[in-house]
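The entries below keep to what I looked up.

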Amino acid sequence: MKRLIVAAVLLIAVLAACIVTNNAVNRNTAYLIGLLDRIEEAYTAGSREDCAALTDQFVMEFHEKTRWFPFFMRHADISKIEETAATLPSTLRYEGDDHFASELIRCRNQLEKLAELEQPTPENIL
């Protein structure tokens, strides 16, 4: 009977850890995507100063919000997004406008795909 209780406690602990990490991923990716929305709004409004400030904030926030992700997901997934996010400020300042817009869309797509792939759906499990 003691083994059954220990097994049930371990199962509940694993389930709780899965729920907490899934909520953290959802909350943090939603925040980052919202920040990308604000960058896009500033970019389309033509406010390059606001866009540059928000882009710098996004890079800092990205590092803070995804700091714990590699503990429970593949490093390669986070690294690809980080490479795109890290180049956004310099792309805005030194590259053409079209290139910044495409990198912004690319970063958003990667974050959305990350959030989608971390959902516990039958397609992702099987």
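The entries that follow take the helix contacts in turn and then the pocket.

Entry 1, conventions. I am working from a predicted model, in which local features need pLDDT of at least 70 and side-chain atom pairs count only at pLDDT 80 or more, while totals for chains, interfaces and linings use all residues. Residues are numbered from 1 along each chain as its sequence is written, and side-chain values use heavy atoms, with hydrogens and water left out. I take helices as DSSP runs (H or I, at least four residues), numbered from the N terminus.

I looked up helix α3 (residues 75-94) against helix α4 (residues 97-117): the axes come within 9 Å and cross at roughly 155°. Axes are lines fitted to C-alpha atoms over the stretch in contact, with angles from 0 to 180 degrees between N-to-C directions. The two helices, α3 and α4, are therefore roughly antiparallel (over 145 degrees). The crossing of α3 past α4 is left-handed (the near helix is turned anticlockwise from the far one by less than a right angle). In contact (heavy atoms within 4.5 Å), α3 residues including I81, L88 and L92 meet α4 residues including F100, L104 and L111. I noted 10 nonpolar, 5 polar and 4 charged residues in the contact of α3 with α4. Here Ala, Val, Leu, Ile, Met, Phe, Trp, Tyr, Cys and Pro count as nonpolar, Asp, Glu, Lys and Arg as charged, and the others, Gly among them, as polar.

For helix α1 (residues 2-45) and α4, I found axes that come within 10 Å and cross at roughly 160°. Hence α1 and α4 are also roughly antiparallel to each other, and α1 passes α4 in a left-handed crossing. Among the residues that make the contact are L32, L36 and Y43 of α1 and F100, L104 and L111 of α4. By class, the contact of α1 with α4 has 12 nonpolar, 2 polar and 6 charged residues.

Helix α2 (residues 48-65) packs on α4 at an angle of about 35°, with the axes 14 Å apart. R48, C51, T55, F58 and F62 of α2 meet D97, F100, C107 and L111 of α4.

Entry 5, the largest pocket. Which residues line the largest pocket? I listed D77, K80, I81, N109, Q110, K113, L114, L117 and E118. α4 gives the most to this lining, with 5 residues. The lining divides into 3 nonpolar, 2 polar and 4 charged residues.

Technical notes
Parallel < 35°, antiparallel > 145°, perpendicular 65-115°, else oblique. 1 Å grid on protein atoms, 1.4 Å probe; cavity = no way out; pocket = protein on both sides within 12 Å on 5 of 7 lines; lining within 4 Å.
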